[in-house]
Amino acid sequence: MTSPQTRSTSRTTRDDERWSPRLWALLIVLSLALFLDGLDVSMVAVALPSIGTELGLSTATLQWVISGYVLGFGGFLLLGGRTADLLGRRRVFLVALGVFALASVIGGLVDSGALLVASRFVKGIAAAFTAPTGLSILTTTFAEGRQRNRALSVYTVFGASGFSSGLLFGGLLMSLGWRWTFFFGAPFALLALVAGFALIPKDRPGARGGYDLVGAATLTATMLLLVYTVVTAPETGWAHPITLASFAGVAALLSLFVWVERRVRFPLVRLGILRSGTLVRANVGAVALMGSFISFQFLLTLFLQQALQQSPLQMALSLLPAGLLVAFSAPFADRLIDRFGTPVLIVGGLVALSVGYLLFLRVEAEFSYLPMLLPTALLLGVGFALAFPAINVQATAGVADDEQGLAAGLVQTSAQVGGALVLAVTTAIIAVDHATGEGTGGGAAQMLDQFQPGLIFVTSVALAGVLVAVSPMFGRRARRQASRPASVVETEEPEPQTAGV
């Protein structure tokens with residue numbers, strides 16, 4: 001965290017200022033880019049069975065269609081945020097949007113699984129530059145406090161809506177073919193590019209110094225190798241020398257990264273920023289939220305389409321209530337943050353997700369939507385609507401302007417790499433020994449039995465996020481009680497909570 005003296009005082013908004021149409025238009029452009037990032041992950045999930053059938057890809061290989069994007073996204077986010085701080089946010093944002101649009105078109109044209117994954121990886125890299133750059137443009141445009149909370153609530157609800165409504169869009173587009181789930185984002189990315197060129201003000205680089213190329217290379221290599229090792233370990237063998245050597249390589253690369261960041265003049269990650277407990281808890285919350293949600297969505301997609309033989313549109317409509325709840329929460333997110341504080345909303349959101357996952361464990365082969373899936377869909381919507389905006393507000397609160405790109409990159413890296421890792425572990429847990437001849441193509445009862453350990457793990461990830469989020473609340477209460485005389489009774493007013501406390 002930085003002292004007030006180190007923060008920039010040049011803001012576009014004041015706490016009591018009304019937003020102009022141009023400012024609203026800028027916020028919509030930034031939000032549209034985040035919406036496309038979230039949409040791309042969940043929309044393509046609907047198309048996985050059709051992609052696998054046409055291109056002859058196994059379930060394990062299909063995971064790379066999602067993981068390739070998430071790896072590119074998560075692996076380069078911190079570099080993307082740092083690049084925005086050094087070269088200027090407007091320039092980086094617009095160039096990355098153009099690459100995103102081009103990769104969308106290429107992904108819809110290829111006929112090879114390897115080329116498809118490669119295009120997804122490039123698209124993820126482009127998103128790694130648009131996401132932290134867009135968030136840092138927002139946080140340096142809207143003053144910290146009520147104005148920024150309001151802007152961030154709109155911005156993050158767009159992102160959450162992308163994740164939650166991607167299934168619906170994907171289901172609708174599947175009537176035209178799976179390739180349209182890749183083409184769909186291109187025209188909207190170009191629209192955001194043109195509008196951003198007109199609306200985003202020209203800026204000067206907000207940070208001094210040069211690139212920490214060694215730090216960027218070691219951190220990116222660490223994350224890529226870690227996810228690759230977890231993804232391939234079930235097939236290679238967890239105790240296989242190659243797997244063990246890969247994990248040792250991850251540890252060595254991470255150690256090298258920390259060593260470099262402590263000695264380089266202009267580090268990619270100022271390690272001191274991690275002393276902020278609120279920032280660290282926000283990043284853990286991002287891992288729990290996105291990791292559990294992406295993994296649950298992956299399992300649910302396979303179950304509904306392969307075991308229950310639902311069409312992509314039927315599956316998408318099954319989760320429509322979640323998307324509607326997230327979309328209609330936009331006008332209230334900033335008010336909830338102002339009233340209750342970010343920690344309470346993060347806890348509430350992750351609890352709602354956990355209960356939703358637990359309820360899905362009741363699903364039986366004789367499937368009925370209303371009692372078995374609708375409660376889960378509603379709880380997923382509530383959980384995302386509460387936690388997603390609060391996590392982003394808490395992760396960037398109190399951070400200096402010249403480190404907004406870093407803070408934005410950290411929380412989005414946690415979300416994307418955490419999502420990839422949890423998905424990889426979930427896939428490893430549900431993997432069936434190939435020698436038995438069993439797979440995910442069996443009946444509903446068999447698939448439910450196979451998926452149950454993965455569902456339990458997904459729930460555990462969300463609950464772990466709850467425990468981390470509530471830990472400072474118990475710590476403060478214990479310290480308060482220890483410092484009071486025995487005669488003091490517990491009737492005092494609770495301390496007011498603010499965003500990021």
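User: What should I know about the model before we start?
Analyst: It is predicted, so local features need pLDDT of at least 70 and side-chain atom pairs count only at pLDDT 80 or more, while totals for chains, interfaces and linings use all residues. Residues are numbered from 1 along each chain as its sequence is written, and side-chain values use heavy atoms, with hydrogens and water left out.

User: Which residues lie nearest its centre?
Analyst: Leu-219, Met-223, Leu-410, Thr-413 and Ser-414, out of 22 lining residues. Lining means having an atom within 4 Å of a point.

User: And which helices supply the lining?
Analyst: Helix 8 (213–236), helix 9 (241–263), helix 10 (277–307) and helix 17 (404–430) each supply at least two residues. Helix 17 has the largest share, six residues. Helices are DSSP runs (H or I, at least four residues), numbered from the N terminus.

User: What's the lining like by class?
Analyst: 17 nonpolar, five polar and no charged residues. Ala, Val, Leu, Ile, Met, Phe, Trp, Tyr, Cys and Pro count as nonpolar, Asp, Glu, Lys and Arg as charged, and the others, Gly among them, as polar.

User: How many cavities are there?
Analyst: Four of 30 Å³ or more, from a search of the whole structure. A cavity is a set of points where a 1.4 Å probe fits but cannot get out. The largest cavity has a volume of about 190 Å³. It has 17 lining residues, with Phe-388, Asn-392, Gln-412, Ala-415 and Gln-416 closest to its centre.

User: Which helix gives the most to that one?
Analyst: Helix 17, with four residues. By class, the lining of the largest cavity has 12 nonpolar, four polar and one charged residues.

User: Switching to salt bridges. How many?
Analyst: Four. The rule is a side-chain nitrogen of Lys or Arg within 4 Å of a carboxyl oxygen of Asp or Glu. In one of them, Lys-123 meets Asp-40 at 2.4 Å, N to O. Lys-123 is in helix 4 (residues 113–141) and Asp-40 in helix 1, so the pair ties together parts 83 residues apart in sequence.

User: Are those two buried or exposed?
Analyst: Both Lys-123 and Asp-40 are buried. Buried means under 20% relative accessible area, exposed over 50%, and partly exposed in between (1.4 Å probe, protein chains only).

User: What does Arg-179 pair with?
Analyst: Glu-54, at 3.3 Å, N to O, and Asp-111, at 2.4 Å, N to O. Asp-111 lies in the loop between helix 3 and helix 4 and Arg-179 in the loop between helix 5 and helix 6, so this pair ties together parts 68 residues apart in sequence.

User: Last one. Where is Gly-80?
Analyst: In helix 2 (residues 59–87). Gly-80 is buried, with a relative accessible area of 0%. Its C-alpha atom is separated by 8.7 Å from that of Ala-126, 46 residues apart along the chain.

Definitions and conventions
On a 1 Å grid over the protein atoms alone, a cavity is a set of points where a 1.4 Å probe fits but cannot get out, and a pocket is an open set with protein on both sides within 12 Å along at least five of seven lines; lining residues have an atom within 4 Å of a point. Grid points are joined across faces, edges and corners, and a volume is the space filled by probe spheres set on the points.
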